[in-house]
Amino acid sequence: MKIYTKGGDKGRTAIIGGRVEKDDIRIEANGILDEVVAHMGVLRMELPMDHVWQLRLKDFQWTMMDLMGVVATPSDKYPEGKENIFIEKTKELEKWIDETEASLSTVSDHFVLPGGTKAAAQAHVVRARLRTAERRLVTLNKADDILEGVLPYVNRMSDLFPKFITSALFTLKVFS
């Protein structure tokens with residue numbers, strides 16, 4: 001199978017259910033989610049391999065890839081029960097946020113400027129791109145209903161990353 005199809009040469013791309021313009025909001029939202037997954041990979045490479053967040057970040061990457069498949073699918077083509085995956089993953093994120101907050105001092109109540117370590121700065125990039133993805137998903141949702149669990153999941157991810165940043169800073173002893 002060839003890696004190129006020439007189908008996109010005129011600005012259109014294939015999704016489940018047909019072809020759309022490459023600047024379609026569905027493609028735009030998916031592109032930003034793709035960037036989030038890539039930035040998470042960079043963040044993982046900046047953390048020690050035994051860091052407590054390595055497995056969580058990898059799980060986030062896989063979940064985001066699954067989410068991208070849903071975003072690329074028009075609502076009339078969704079498989080049954082798929083939203084339950086993201087509802088459960090949102091509950092896991094809420095648990096991790098609560099656990100992380102419980103382990104932090106009052107520093108977590110303040111904005112943290114990007115920097116400190118490469119990992120902390122990269123976590124800020126992930127946070128910022130998640131918030132961009134969330135805005136694009138809201139726009140997509142106005143055009144075509146997205147699964148019920150998608151927006152809460154991405155919103156919780158953007159809530160989690162400031163906690164991750166603070167947690168990572170302490171774990172990597174930037175403040176000591």
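**Helix α1**

I started with helix α1, residues 25–46, in this predicted model. At 1.5 Å a residue its 22 residues should span 32 Å, and the end C-alpha atoms are 32 Å apart, so the two agree. The expected span is 1.5 Å times one less than the number of residues. Helices here are DSSP runs of H or I with at least four residues, strands are runs of E with at least two, and both are numbered from the N terminus.

Which residues of α1 are buried? I found I25, R26, A29, N30, I32, L33, V36, V37, M40, L43 and R44. They cover an arc of only 160° around the axis, which puts them on the same side of α1. The arc is taken from the directions from the helix axis to the C-beta atoms. Buried stands for under 20% relative accessible area, exposed for over 50%, and partly exposed for what is in between (1.4 Å probe, protein chains only).

**Notes on the model**

I number residues from 1 along each chain as its sequence is written, and side-chain values use heavy atoms, without hydrogens and water. As the model is predicted, local features need pLDDT of at least 70 and side-chain atom pairs pLDDT 80 or more, while totals for chains, interfaces and linings use all residues.

**The whole chain**

I then listed the elements: five helices and two strands, running β-β-α-α-α-α-α from the N terminus on. Of the 176 residues, 41% count as buried.

**Aromatic rings**

How many aromatic pairs are there? I get four, with rings of Phe, Tyr and Trp (its six-membered ring) pairing if their centres lie within 6.5 Å; planes under 30 degrees apart are stacked, over 60 edge-to-face, and the rest tilted. F60 and W96 form a tilted pair, 5.3 Å centre to centre with 55° between the planes. F60 lies in helix α2 (residues 54–71) and W96 in helix α3 (residues 83–102), so the pair ties together parts 36 residues apart in sequence. Both F60 and W96 are buried. Ring pairs link W53, F60, W96 and F161 into a cluster.

**T73**

My last stop was T73, in the loop between α2 and α3. Is T73 buried or exposed? T73 is buried, with a relative accessible area of 5%. Leaving aside neighbours within four places in sequence, I see T73 in contact (heavy atoms within 4.5 Å) with I16, R26 and Y78.
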